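This briefing goes through one protein model, topic by topic. Please keep the sequence and the structure at hand while reading.

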Amino acid sequence: MLDVSDGLVADAGHLAAASSVRCVIDADRVPVHAAAEAPPQALVSGEEYELLVALPEQATAAVGPEFERRFGVRLTRVGSIVAGSGVGVVRAGETIEAPA
């Protein structure tokens, strides 16, 4: 778990590098703050004060409610972890270039 202070794409990159995996972010699943100028901004902005958590897929249903109760934050699945390295971004099922 880490805070998203450098932006979701950048911090997912830190997680991927530290864990020797590839993070694939589904841009359509990323919550967008009302103050964001456009949905792609939610991928690179670090002003949302969010957390990035990597959990096994089967653990999410069990951990999610307890996490929300304990920390007051609801988990939102925004992607997956796959073999490889770095960060990929998809939108509508198609790979797109990660915003800078």
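The model is predicted, with an average pLDDT of 87 over the protein and a score of at least 70 for 94% of the residues. It contains 3 salt bridges, and its largest pocket holds about 870 Å³ of space.

**Confidence**

- Among the elements, strand β2 has the highest mean pLDDT, at 96.
- Helix α2, which spans residues 41–44, has the lowest mean pLDDT of the elements, at 79.
- Where pLDDT is low, predicted coordinates should not be read in detail.

**The largest pocket**

- The volume of the largest pocket is about 870 Å³.
- The pocket is lined by 35 residues, and those closest to its centre are L51, L52, T76, R77 and V78.
- Which elements give two or more residues to this lining? They are helix α1 (8–19), strand β2 (22–26), strand β3 (51–52), helix α3 (60–71) and strand β4 (79–82).
- Sorted by class, the lining comprises 23 nonpolar residues, 7 polar residues and 5 charged residues.

**Salt bridge D28–R91**

- Side chains of opposite charge can pair when their charged atoms come close.
- D28 and R91 form a salt bridge through their side chains, with an N to O distance of 3.6 Å.
- This pair joins distant parts of the chain, as D28 sits in the loop between β2 and α2 while R91 belongs to strand β5, 63 residues away.
- D28 counts as partly exposed because its relative accessibility is 48%, a value between the 20% and 50% cut-offs.
- R91 is also partly exposed, because its relative accessible area is 28%.

**Salt bridge E57–R77**

- E57 and R77 make a salt bridge in which the closest N and O atoms are 3.2 Å apart.
- Here too the pair links distant parts of the chain: E57 is in the loop between β3 and α3, and R77 is in the loop between α3 and β4, 20 residues apart.
- Is E57 buried or exposed? E57 has a relative accessibility of 57%, so E57 counts as exposed.
- R77 has a relative accessible area of 40% and is therefore partly exposed.
- R77 is also one of the residues closest to the centre of the largest pocket.

**Salt bridge E66–R69**

- The closest N and O atoms of the salt bridge between E66 and R69 are 2.7 Å apart.
- Both residues lie in helix α3, where they are 3 residues apart, about one turn of the helix.
- The side chains of R69 and E66 are also joined by a polar contact of 2.7 Å.
- E66 is partly exposed, because its relative accessibility is 37%.
- R69 counts as exposed, because its relative accessibility of 60% is over the 50% cut-off.

- S20 is a residue other than glycine, yet its phi is positive, near 55°.
- S20 is in the loop between α1 and β2.
- The relative accessibility of S20 is 61%, so S20 counts as exposed.
- A92, likewise not a glycine, has a positive phi of about 55°.
- Where does A92 lie? A92 is in the loop between β5 (86–91) and β6 (94–96).
- A92 has a relative accessible area of 64% and therefore is exposed.

- G64 belongs to helix α3, and G64 is buried because its relative accessible area is 13%, under the 20% cut-off.
- G64 and D3 are 61 residues apart along the chain, and their C-alpha atoms are separated by 17 Å.
- R69 is likewise found in helix α3, but R69 is exposed at 60% relative accessibility.
- From R69 to V53 the separation is 16 residues in sequence and 16 Å in space, C-alpha to C-alpha.

Technical notes
Residues are numbered from 1 along each chain as its sequence is written. This is a predicted model: local features need pLDDT of at least 70, side-chain atom pairs count only at pLDDT 80 or more; totals for chains, interfaces and linings use all residues. Side-chain values use heavy atoms; hydrogens and water are left out. On a 1 Å grid over the protein atoms alone, a cavity is a set of points where a 1.4 Å probe fits but cannot get out, and a pocket is an open set with protein on both sides within 12 Å along at least five of seven lines; lining residues have an atom within 4 Å of a point. Grid points are joined across faces, edges and corners, and a volume is the space filled by probe spheres set on the points. Helices (H or I, at least four residues) and strands (E, at least two) are DSSP runs, numbered from the N terminus. Ala, Val, Leu, Ile, Met, Phe, Trp, Tyr, Cys and Pro count as nonpolar, Asp, Glu, Lys and Arg as charged, and the others, Gly among them, as polar. pLDDT is the predictor's confidence in each residue, from 0 to 100. Buried means under 20% relative accessible area, exposed over 50%, partly exposed in between (1.4 Å probe, protein chains only). A salt bridge is a side-chain nitrogen of Lys or Arg within 4 Å of a carboxyl oxygen of Asp or Glu. A polar contact is a pair of N or O atoms within 3.5 Å; within protein, one must be able to donate a hydrogen and the other to accept it, and residues adjacent in sequence count only if both atoms are side-chain atoms.
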